[in-house]
Amino acid sequence: MREKVDYRNNLEQLNSTFPDKNTLTITEVAKYMGRDRHWVSKTYKKDFNTYGGMKLMSKVTFARILSEGA
């Protein structure tokens, strides 16, 4: 599978916005995208994993989603 064109740029931008995190909450993803939490939760349900009762998405996964033109 070939890496999308903007993937590395998106990951770099996420790393500067969230420098001390490897995973992001639904609220953080929604705020970054300028979308509603409910929409993010419903649209990307399969991309979030539950850890300790919290739904989290890795920055790598989020960069991939952004690169696909979400």
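Tutor: A nonpolar core is taken here as a set of buried Ala, Val, Leu, Ile, Met, Phe, Trp, Tyr and Cys residues joined through side-chain atoms within 4.5 Å, where buried means under 20% relative accessible area, exposed means over 50%, and partly exposed covers what lies in between (1.4 Å probe, protein chains only). The model is predicted, so local features need pLDDT of at least 70 and side-chain atom pairs count only at pLDDT 80 or more, whereas totals for chains, interfaces and linings use all residues. Residues are numbered from 1 along each chain as its sequence is written, and side-chain values use heavy atoms, with hydrogens and water left out.

The largest nonpolar core has 15 residues, and V29, V40, F48 and M57 are the ones that touch the most other members. Helices α1, α2 and α4 each supply at least two residues of this core; helices (H or I, at least four residues) and strands (E, at least two) are DSSP runs, numbered from the N terminus. In soluble globular proteins, nonpolar side chains tend to be buried together.

Taking contact as heavy atoms within 4.5 Å, and leaving aside neighbours within four places in sequence, M57 is in contact with N22, T23, L24, V29, Y44, D47, F48, F62 and I65. Several of these partners return below.

Helix α2 is the next stop. In α2, I26, E28, V29 and A30 are buried, and the buried residues of this helix pack against β1, α3 (37-43), β3 (54-58) and α4. An α-helix has 3.6 residues a turn, so residues three or four places apart point the same way. After α2 comes G34, whose phi is positive, near 70°.

The aromatic side chains come next. Rings of Phe, Tyr and Trp (its six-membered ring) pair if their centres lie within 6.5 Å, and planes under 30 degrees apart count as stacked, over 60 as edge-to-face and the rest as tilted. By this rule there are 3 aromatic pairs. In one of them, the rings of F18 and Y32 have centres 6.2 Å apart and planes at 45°, so the pair is tilted. Because F18 lies in the loop between α1 (7-17) and β1 (23-25) and Y32 lies in helix α2 (residues 26-33), this pair ties together parts that are 14 residues apart in sequence. F18 is buried at a relative accessible area of 13%, whereas Y32 is partly exposed at 27%. The rings of Y32 and F62 have centres 5.5 Å apart and planes at 75°, so that pair is edge-to-face. Since Y32 belongs to helix α2 and F62 to helix α4 (residues 59-67), the pair ties together parts that are 30 residues apart in sequence. F62 has 0% relative accessibility and counts as buried, and F18, Y32 and F62 form one aromatic cluster.

Not counting residues up to four places away in sequence, L66 touches N10, L14 and Y32.

Charged side chains complete the picture. A salt bridge is a side-chain nitrogen of Lys or Arg within 4 Å of a carboxyl oxygen of Asp or Glu, and a search of the whole structure finds 4 of them. E28, which is buried at 18% relative accessibility, meets K21 in a salt bridge of 2.5 Å, N to O, and K21 counts as partly exposed at 31%. The side chains of D47 and R64 likewise meet in a salt bridge, at 3.3 Å from N to O. Because D47 lies in the loop between α3 and β2 (49-51) and R64 in helix α4, this pair ties together parts that are 17 residues apart in sequence. D47, a contact of M57, is buried at 12% relative accessibility, while R64 is partly exposed at 29%. R64 also forms a salt bridge with E68, with their closest N and O atoms 3.3 Å apart, and E68 is partly exposed at 44%. Through shared partners, salt bridges join K46, D47, R64 and E68 into one network.
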